Amino acid sequence: MKILLTGATGFIGHQLVRVLSHENKLTILTRSPASAHHQLGAEHQYLGNLTSLSDFNEFDAVINLAGEPIVNKRWSEKQKQLICQSRWDMTSRIAELIKASDSPPQVLISASAVGIYGQQGAQPIDETYVLTSLDERTTNDFPLRVCSHWEELALSAQSDNTRVCIIRTGLVLGLSGGALAKMLLPFKLGLGGPIGTGQQGMSWIHQDDHINLIMFLLKQTKCQGIFNATAPTPVSNYKFSKLLGQALSRPALMPMPTIILKLLLGEMSELLTQGQYVLPARAEEAGFKFTYPELEQAFSSLIENAK
């Protein structure tokens with residue numbers, strides 16, 4: 001397949017490039033083509049922007065992972081705008097070019113996040129959950145607002161010729177990036193532990209399962225709509241901390257008070273102090289099989305490979 005990929009230099013993107021490049025021809029859209037060329041290899045085509053294209057007739061598929069990292073910096077108003085626009089502008093332009101095509105891509109796979117569900121307490125939720133109204137609480141929920149419009153723009157590209165798959169990603173576990181890589185040092189030093197009450201849900205997925213789910217949706221022509229990219233066994237933050245400590249043979253007893261996190265991170269601290277228990281119902285119904293359905297197994301795989 002001829003595939004256009006955005007976000008290829010990111011934590012998931014660079015791993016996806018390795019898998020896709022075995023059987024497909026990749027065009028990589030990046031703000032820094034020279035740097036991406038050096039990182040990802042000379043066998044791919046590189047684009048610095050989409051201004052030279054008037055349609056996507058040449059592509060069989062588009063995978064859109066682009067976006068300013070949501071945990072890169074404190075959420076100032078300027079940073080919030082960058083987070084939004086980096087997702088919304090790119091996705092809007094992709095949808096426009098798909099709709100302008102006489103022979104459009106067969107599939108658009110576009111990223112989103114479980115933050116769209118808002119704060120749900122201990123109630124497990126899957127893709128059937130629908131936000132019924134935007135009250136004051138939800139309109140002030142920044143991740144929810146980002147993802148809602150992001151998904152709306154991607155879904156506008158759907159037609160009889162192009163199926164759209166939205167991947168609502170949870171906490172991706174890997175050692176080359178993401179939250180786990182940042183957690184390892186304090187846990188190795190015996191300074192890790194639960195955050196706040198420790199009861200908030202952590203909906204996680206092993207990096208290999210995340211890549212495999214993207215590949216699954218790319219190939220399964222009957223799949224379209226919303227898919228949660230989370231393992232079938234979400235856990236509390238307390239259990240997550242305990243199992244990570246066990247995997248590293250370290251205690252995990254140092255709690256992080258919510259008020260300290262809020263002082264350090266501001267509004268962004270809500271990503272750690274609140275959460276959801278999200279289930280991948282539609283992926284499993286479609287026949288997707290998780291290699292790492294249990295957290296203890298996922299940690300063991302990653303930590304053993306790092307030794």
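Start by selecting Leu16: leaving aside residues up to four places away in sequence, Leu16 touches Leu5, Ile63, Leu65, Ile211, Ile214 and Met215 (contact means heavy atoms within 4.5 Å). Before moving on, keep in mind that this is a predicted model, where local features need pLDDT of at least 70, side-chain atom pairs count only at pLDDT 80 or more, and totals for chains, interfaces and linings use all residues. Numbering runs from 1 along each chain as its sequence is written, and side-chain values use heavy atoms, with hydrogens and water left out.

Show Gln15, Leu16, Val19 and Leu20 of α1, which meet Gln207, Ile211, Ile214, Met215 and Leu218 of α7.

Now colour the largest nonpolar core, 34 residues, in which Leu16, Leu20, Ile63, Ile109, Leu217 and Leu218 have the most contacts. Such a core is a set of buried Ala, Val, Leu, Ile, Met, Phe, Trp, Tyr and Cys residues joined through side-chain atoms within 4.5 Å, buried being under 20% relative accessible area (1.4 Å probe, protein chains only). Helix α7 supplies the largest share of this core, seven residues. Apart from it is another core, of 21 residues, including Leu180, Phe187, Ala252 and Ala298.

Last stop: α3 (residues 77–99) and α5 (residues 142–155), whose axes come within 8 Å and cross at roughly 10°.

Key
Helices (H or I, at least four residues) and strands (E, at least two) are DSSP runs, numbered from the N terminus. Buried means under 20% relative accessible area, exposed over 50%, partly exposed in between (1.4 Å probe, protein chains only). Axes are lines fitted to C-alpha atoms, for helices over the stretch in contact, and angles run from 0 to 180 degrees between N-to-C directions.
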